[in-house]
Amino acid sequence: MKRFILSIFAILITSFSWAQEDLVYILQPFTEQTEIVYTDMEIPFYKRSGEKKIAGKIPAAQSLRVENFMNSDDEDLNKYMAVNYQEKTVYVEKKNVAFKKIRTKENDFYFRIGAFYLGGEYNNSLLYLTSIPHNANYQTDSFAFPLVTDEGLIDIKVFNNKGLKDITNLIQIDYQGEYCGAESGDSWLYWSAMDGFNQLADLIGWADMDYIAERFIFPTDEGGKSGKIIYEIEHGVLEDDTVDADYKITKKQKTYTLKNGKLNPEFTSLITTLNR
């Protein structure tokens, strides 16, 4: 699956704000149950929702408790959320805060979602990743790319290098379809102090009367091989339409290595090779 990738490497937090003027906020994956949001950069706050005069700025790397999502039919009002900052209720634009923060030994990773316009047309969501290293000798890194889908749930996991040399963390963007037959899958990225963020590949899957699932098996995973990334695709087809029917399962594999930050050979999905 080929997608246009917008990447920004090794930049300071304050210089990342250029993109925000053109963003339209997408509510997902914020929910009414979200209690804490995070700043990955300095952001303005307002005395009242919609007030043009900026009352002040919240420093980067703050955790803010949400008081009100302010979801309404008023689009201008809908851009803001009420948060608690220094024991006071202030208003911030939703597009400026991260829905998730993951702390590792080396970094704090922040994840924000927005949307963008390209050539005058609306495009799917962008996921913004920011890493703030604990080591002051390294710069903040930011990375942005279009999500495979902006439907359903999105879960994000950060792992160690799973046995791959020259990288620090693997990042999994897990898409979970809302209904039977909806596309699901994973995007895999990595972060290293030398290269910043890089994307490996998008893996997809869906389930209906039959199912398809793509996955990576890394060196330290069960069935993994040292220095190798195994790509596996599994196809299950119901043998009949009875309640107790079994799946006829077909699996195919291909082995890759990581070279200069990219999969070698270039990643290609095996979906078109399946009998469907």
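In these legends, buried denotes a relative accessible area under 20%, exposed denotes over 50%, and partly exposed lies in between (1.4 Å probe, protein chains only). The model is predicted: local features need pLDDT of at least 70, side-chain atom pairs count only at pLDDT 80 or more, and totals for chains, interfaces and linings use all residues. Residues are numbered from 1 along each chain as its sequence is written, and side-chain values use heavy atoms, with hydrogens and water left out.

**View 1. Positive phi at Asn260, in the loop between β18 and β19.** Although Asn260 is not a glycine, its phi is positive, at about 55 degrees. Asn260 is exposed because its relative accessible area is 74%. Strands here are DSSP runs (E, at least two residues), numbered from the N terminus.

**View 2. Positive phi at Ala61, in the loop between β4 and β5.** With 43% relative accessibility, Ala61 counts as partly exposed.

**View 3. The cis peptide bond between Asn264 and Pro265.** Omega of this bond is about 0 degrees. Pro265 belongs to the segment after β19 (262–264).

**View 4. A surface patch of negative charge.** The patch gathers Glu239, Asp240, Asp241 and Asp246. Patches are made of residues with over 30% relative accessible area and no salt bridge; like charges are joined within 9 Å, and nonpolar side chains (Val, Leu, Ile, Met, Phe, Trp, Tyr) within 5 Å. A salt bridge is a side-chain nitrogen of Lys or Arg within 4 Å of a carboxyl oxygen of Asp or Glu. Asp246 lies in the loop between β17 (229–238) and β18 (247–259). The relative accessible area of Asp246 is 51%, and Asp246 is therefore exposed.

**View 5. The side-chain contact between Glu232 and Gln253.** Glu232 is located in strand β17 and counts as buried because its relative accessibility is 7%. A polar contact of 2.8 Å links its side chain to that of Gln253. Such a contact is a pair of N or O atoms within 3.5 Å; within protein, one must be able to donate a hydrogen and the other to accept it, and residues adjacent in sequence count only if both atoms are side-chain atoms.

**View 6. Tyr110 in strand β9.** Strand β9 comprises residues 107–118. Tyr110 has a relative accessibility of 1%, so this residue counts as buried. The C-alpha atoms of Tyr110 and Met41 are 9.9 Å apart, while 69 residues separate the two along the chain.

Technical notes:
Areas by Shrake-Rupley, 256 points an atom, 1.4 Å probe, with all protein chains shown as cover. Lys, Arg positive; Asp, Glu negative; His and termini not counted. Charge placed at Lys NZ, Arg CZ, Asp CG, Glu CD. Helix = DSSP H or I, 4+ residues; strand = E, 2+ residues; numbered from the N terminus.
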